[in-house]
Amino acid sequence: MPFGIGALFDNPGFYVLDLETNGMRPEVDKIIEIGIVHVSPEGKLDKEWQTLVNPGEGIDVGATHVHGITLPMIKDAPSFEDIAPFVYKMIAGAPLVAHNTSFDVPFLTKAFQNAGLHTFGDPLPAIDTIVLAKKYLTLPHYKLGVIAEHLGIDLENAHCALDDARAAAEMFAYFIKKDPKQYFEEIDVAQNMVWDVPDEVLEPKILVR
C-alpha cells in the first residue's frame, strides 16, 4: 500500500548501489548481481548487502570477461522478483548513490517495476558520484578505479558489485565530509515521496561469489 515512509526511518542516510548486468539496455537486459552499502548522513559506512541474481531460464550472463560471472554461478541464485520487496523496503525513504546513476538507476527502476513495485513512475532519488568527483577533483577521467586510486581507496575486485559499491561508498563519504549539509535536500525528497512498500517483507535467500 503506497504511503510516505520517511517517518519510519530514524537515520535514513544513503544507499550506495552497484549492479552487474547482462547488457546495457534496462528495458530488455537483466541484473545479475547487486551490491548495496549504507552510508550515514555523517559519512560512516555500516551495513552492506549483496547477492548474485538469476536473470531467468535461457538468459545468458553477458560479458563474463568483464564482470566474471558465469551461468553456473547464478544457477541457484534468487531471481530479482525474489529479492525485490526486501531491496525496495531497504532503500525506501533514502536517496540512492551510484557511480553513473544513468546506468544503475534505470536498471533498478525497471527491475522493480517488473516485480510490481514502484509502478507509479516517480524517479528514484539518486546522487551521482561522477558529478561529485568532477566538482571536487581534477582528473584526466572519472572512472571508478581512477578516482579510487587517487583517493587511496582500495578496489581489489572491480566489476564485483559489492566491491564497486564499497569503493563508491568510501568516495561518497569523502564528498560528504567536504560539505556535510549539501545532501539534506535529497534526504528530504526521499523521505517525503511515496513508496509502495509491501505490507510483509521477508529476508530472501542470497548467493554470493
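Predicted model: local features only at pLDDT ≥ 70, side-chain atom pairs only at ≥ 80, totals over all residues.
The strands under discussion belong to an open sheet of 5 strands with mixed pairing. Asp29, in the loop between β2 and β3, is in contact with Phe107, among other residues.

**The sheet**

- The strand order is β4-β3-β2-β5-β6.
- β4 (45-52) and β6 (126-128) are the edge strands, and each pairs on one side only.
- From one strand to the next, the twist averages 25 degrees.
- Strands of a sheet pair through backbone hydrogen bonds, and the sense is either parallel or antiparallel.

**The β2-β3 pair**

- Strand β2 covers residues 14-21, and strand β3 covers residues 31-39.
- The two strands pair in the antiparallel sense, over 8 bridges.
- Glu20 has Glu33 in β3 as its bridge partner.

- Asp29 sits in the loop that links β2 and β3.
- Asp29 counts as buried because its relative accessibility is 12%, against a cut-off of under 20%.
- The Asp29 side chain reaches the backbone nitrogen of Met24 at 3.1 Å.
- Beyond its neighbours within four places in sequence, Asp29 is in contact with Asn22, Gly23, Met24 and Phe107.

Notes:
Residues numbered from 1 in each chain as written. Heavy atoms only, no water. Pairing = 2+ DSSP bridges. Helix = DSSP H or I, 4+ residues; strand = E, 2+ residues; numbered from the N terminus. Axes fitted to C-alpha atoms, helices over the stretch in contact; angles between N-to-C directions. Buried < 20%, exposed > 50% of the residue type's maximum accessible area, 1.4 Å probe, protein only. Polar contact = N/O pair within 3.5 Å; in protein donor to acceptor, adjacent residues only side chain to side chain. Contact = heavy atoms within 4.5 Å.
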